Amino acid sequence: MKVLSIIPAKGGSQSIKLKNLAKLGNKPLIYYAIKQSLNCKLINRTIVSTDNEKIANVSLKYGAEVPFLRPKKISKSNSKDYSFFKHTLDFLKKNENYQPDLIVQLRPTQPYRSIELIT
């Protein structure tokens, strides 16, 4: 079974600029979602969907894939999750002929979830 984890991490935030890179402990918030995804034995791929190069570079550093930068038009505060899911799936199908059987969304703003919960 192909299980894809998508971590949404836009650069703009209404309250905290680059909140996904805000430090918790000594690590950026996005680190925890990436680590949880990579440590879950059922997840085959971990992709960060972001519109921000700095977030993309940090995500790559911690082992996530960032095969594209998300378009700004679907990275607004009123953008629906469906938009980045569709963008990711369309990109993967077109460029890699890849279609997952299951998608797991892991938000960076929930750093304390357990691997058991994800599983």
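**V48 and the cores**

I started with V48 and listed its contacts (heavy atoms within 4.5 Å). Leaving out residues up to four places away in sequence, V48 touches I7, A9, I30, I34, I55, S59, A64, E65 and V66. I then noted another core that lies apart, with seven residues, including I6, F85, L92 and Y98. For me a nonpolar core is a set of buried Ala, Val, Leu, Ile, Met, Phe, Trp, Tyr and Cys residues joined through side-chain atoms within 4.5 Å. Buried means under 20% relative accessible area, exposed over 50%, and partly exposed in between, with a 1.4 Å probe and protein chains only. The largest nonpolar core has 19 residues, and I7, I30, V48 and I55 touch the most other members. To this core β1, α1 and α2 each supply at least two residues.

A note on the source: this is a predicted model, where local features need pLDDT of at least 70 and side-chain atom pairs count only at pLDDT 80 or more, while totals for chains, interfaces and linings use all residues. I number residues from 1 along each chain as its sequence is written, and side-chain values use heavy atoms, with hydrogens and water left out.

**The whole chain**

I counted four helices and five strands in the protein chain. Helices (H or I, at least four residues) and strands (E, at least two) are DSSP runs, numbered from the N terminus. From that end the order reads β-β-β-α-β-α-α-β-α. Of the 119 residues, 43% count as buried. Among contacts with a separation of 6 or more, 65% come from residues 24 or more positions apart.

**Helix α1 and its tyrosine**

Next I went along α1 (residues 29-39) and found L29, I30, Y31, A33, I34, Q36 and S37 buried. The cover over them includes β1 (3-8), β2 (23-24), β3 (27-28), β4 (45-49), α2 (53-61) and α4 (115-118). Is Y31 buried or exposed? Y31 counts as buried because its relative accessibility is 15%.

I also checked rings: those of Phe, Tyr and Trp (its six-membered ring) pair if their centres lie within 6.5 Å, with planes under 30 degrees apart stacked, over 60 edge-to-face and the rest tilted. That rule gives four aromatic pairs. One of them joins Y31 and Y32 edge-to-face, at 5.0 Å centre to centre and 80° between the planes. Y31, Y32 and Y62 form one aromatic cluster.

A charge sits over a ring if NZ of Lys or CZ of Arg is within 6 Å of the ring centre and within 35 degrees of the ring normal. K27 has its charged end over the ring of Y31, 5.1 Å from the centre. R45 lies over the face of Y98, 4.6 Å from the ring centre.

S49 lies in β4 and counts as buried because its relative accessibility is 0%. Beyond four places in sequence, S49 touches I6, I7, P8, A9, K10, F68, R70, F84 and T88.

K19 is in the loop between β1 and β2. At 30% relative accessibility, K19 counts as partly exposed. Counted the same way, its contacts are S13, L29 and T109.
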